[in-house]
Amino acid sequence: MASMMEHQTADNAEWKRIQQKTFTRWVNEHLKKNSRFVKDVKVDFSDGVSLIVLLEVLSQKRIGRYNKNPRIRAQKMENVELGVKFIGSEGIRLVNIGASDIVDGNLKLILGLIWTLILHYQISMGFQTDDDAPKSGGPSPKQQLLTWIQGMLPDKNVRNFTTDWNSGVNIAALVDAVAPGLCPESADMDESTPLENAQMAMERAEEWLGVPQVLAPQDMVNPNVDELSAMTYLSYFPEAEPKPGAPVFSRTNVGKVYT
């Protein structure tokens with residue numbers, strides 16, 4: 001019984017680690033536009049500065065004056081409260097997340113805040129909806145993303161954002177579906193080499209489709225991959241387009257490159 005509980009605890013810790021790493025990478029993908037970088041969202045969001053910069057990048061709006069070098073708790077609270085107020089003005093509903101939670105470094109709630117931003121500014125925007133709740137009986141952004149993937153991969157029977165991606169074959173197939181010929185190996189991939197499969201596909205997606213590896217290949221193939229992290233990564237694909245000069249790999253002569 002003890003060993004089973006320890007195993008479950010380890011599994012739980014694993015997806016949390018993946019989520020924190022993925023969400024941090026997503027944040028940095030946007031912050032780098034303003035030459036900023038966060039190492040630990042639990043610490044680096046606590047003064048409100050990186051949060052405000054992130055919100056301005058995502059919304060393409062100016063939030064207003066704020067303390068760019070807060071030293072005391074009151075100044076940090078003012079910054080974070082400004083950010084939280086702005087989030088509300090964007091029509092985004094935060095559930096049980098207050099300024100003090102962020103200043104005090106509540107990691108669970110900070111990750112919840114980041115997920116809310118991912119959902120609103122990336123996943124929902126891609127499908128022209130505002131939140132995770134279905135409107136007028138319509139599908140949620142999660143359902144819409146899954147439906148889009150199923151349409152791109154009709155022969156793969158993709159049903160989730162976790163175990164169906166562990167072999168690395170489906171991500172390779174998606175890359176090839178978005179840019180036909182970019183990952184021709186997907187048709188004959190060996191499921192016994194999941195990391196190799198995922199690395200190749202995700203590297204090509206980053207280089208030629210501009211899809212950043214916010215989710216690491218080793219996390220994609222991890223049996224405990226976090227669903228929200230996989231959704232975050234995969235949500236880049238509906239808008240992805242091949243860059244000029246993207247190579248096309250011959251299906252009959254894999255390894256020979258055509259431009």
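Visitor: What share of the chain counts as buried, and what makes a residue buried?

Guide: Of the 259 residues, 48% count as buried. Buried means under 20% relative accessible area, exposed means over 50%, and partly exposed is in between (1.4 Å probe, protein chains only). Bear in mind that this is a predicted model, where local features need pLDDT of at least 70, side-chain atom pairs count only at pLDDT 80 or more, and totals for chains, interfaces and linings use all residues. Residues are numbered from 1 along each chain as its sequence is written, and side-chain values use heavy atoms, leaving out hydrogens and water.

Visitor: What share of the contacts joins residues 24 or more positions apart?

Guide: Such pairs make up 55% of the contacts in the chain with a separation of 6 or more. Contact means heavy atoms within 4.5 Å.

Visitor: Why is helix 8 called mostly covered?

Guide: Count its residues: 9 of the 10 are buried. The buried set is Val169, Asn170, Ile171, Ala172, Ala173, Leu174, Val175, Asp176 and Val178. Their cover includes helix 7, helix 9, helix 10 (217-220) and helix 11.

Visitor: What makes helix 8 roughly parallel to helix 9?

Guide: The axes of helix 8 (residues 169-178) and helix 9 (residues 194-209) come within 8 Å and cross at roughly 30°. Angles under 35 degrees count as roughly parallel, over 145 as roughly antiparallel, 65 to 115 as roughly perpendicular and the rest as oblique, so helix 8 is roughly parallel to helix 9. Those axes are lines fitted to C-alpha atoms, for helices over the stretch in contact, with angles from 0 to 180 degrees between N-to-C directions.

Visitor: Which hand does the crossing of helix 8 and helix 9 have?

Guide: Helix 8 passes helix 9 in a left-handed crossing. A crossing is left-handed if the near helix is turned anticlockwise from the far one by less than a right angle, and right-handed if clockwise.

Visitor: Which residues of helix 8 and helix 9 meet?

Guide: Helix 8 brings Val169, Ile171, Ala172, Val175 and Val178, and helix 9 answers with Asn197, Ala198, Ala201, Met202, Ala205 and Leu209. By class that is 10 nonpolar, 1 polar and no charged residues. Ala, Val, Leu, Ile, Met, Phe, Trp, Tyr, Cys and Pro count as nonpolar, Asp, Glu, Lys and Arg as charged, and the others, Gly among them, as polar.

Visitor: Why is helix 11 said to be largely enclosed?

Guide: Because 6 of the 8 residues of helix 11 (residues 227-234) are buried. They are Ser229, Ala230, Met231, Thr232, Tyr233 and Leu234.

Visitor: How do you know that helix 6 is roughly parallel to helix 11?

Guide: Helix 6 (residues 107-126) and helix 11 pack at about 25°, with their axes 11 Å apart. That angle makes helix 6 roughly parallel to helix 11. The crossing is left-handed. Trp115, Ile118, Gln122 and Ile123 in helix 6 meet Leu228, Met231 and Thr232 in helix 11; these divide into 5 nonpolar, 2 polar and no charged.

Visitor: What makes Ala230 buried?

Guide: Its relative accessible area is 0%, so Ala230 in helix 11 counts as buried. Beyond its neighbours within four places in sequence, Ala230 is in contact with Phe161 and Leu215. Ala230 and Thr22 sit 208 residues apart in sequence, with 8.7 Å from C-alpha to C-alpha.

Visitor: And why is His30 called buried?

Guide: His30 has a relative accessible area of 13%, so it counts as buried. Its place is in helix 1 (residues 2-31). Leaving aside neighbours within four places in sequence, His30 is in contact with Leu54, Val57, Leu58 and Gln122.

Visitor: Is Gln60 buried or exposed?

Guide: Exposed, because its relative accessibility is 75%. Gln60 is found in the loop between helix 3 (49-59) and helix 4 (73-89).

Visitor: What is phi at Gln60 and at Asn157?

Guide: Near 60° for Gln60, positive in a residue other than glycine. Asn157, in the loop between helix 7 (141-152) and helix 8, has a positive phi near 55°. Most residues other than glycine have a negative phi.

Conventions
Helices (H or I, at least four residues) and strands (E, at least two) are DSSP runs, numbered from the N terminus.
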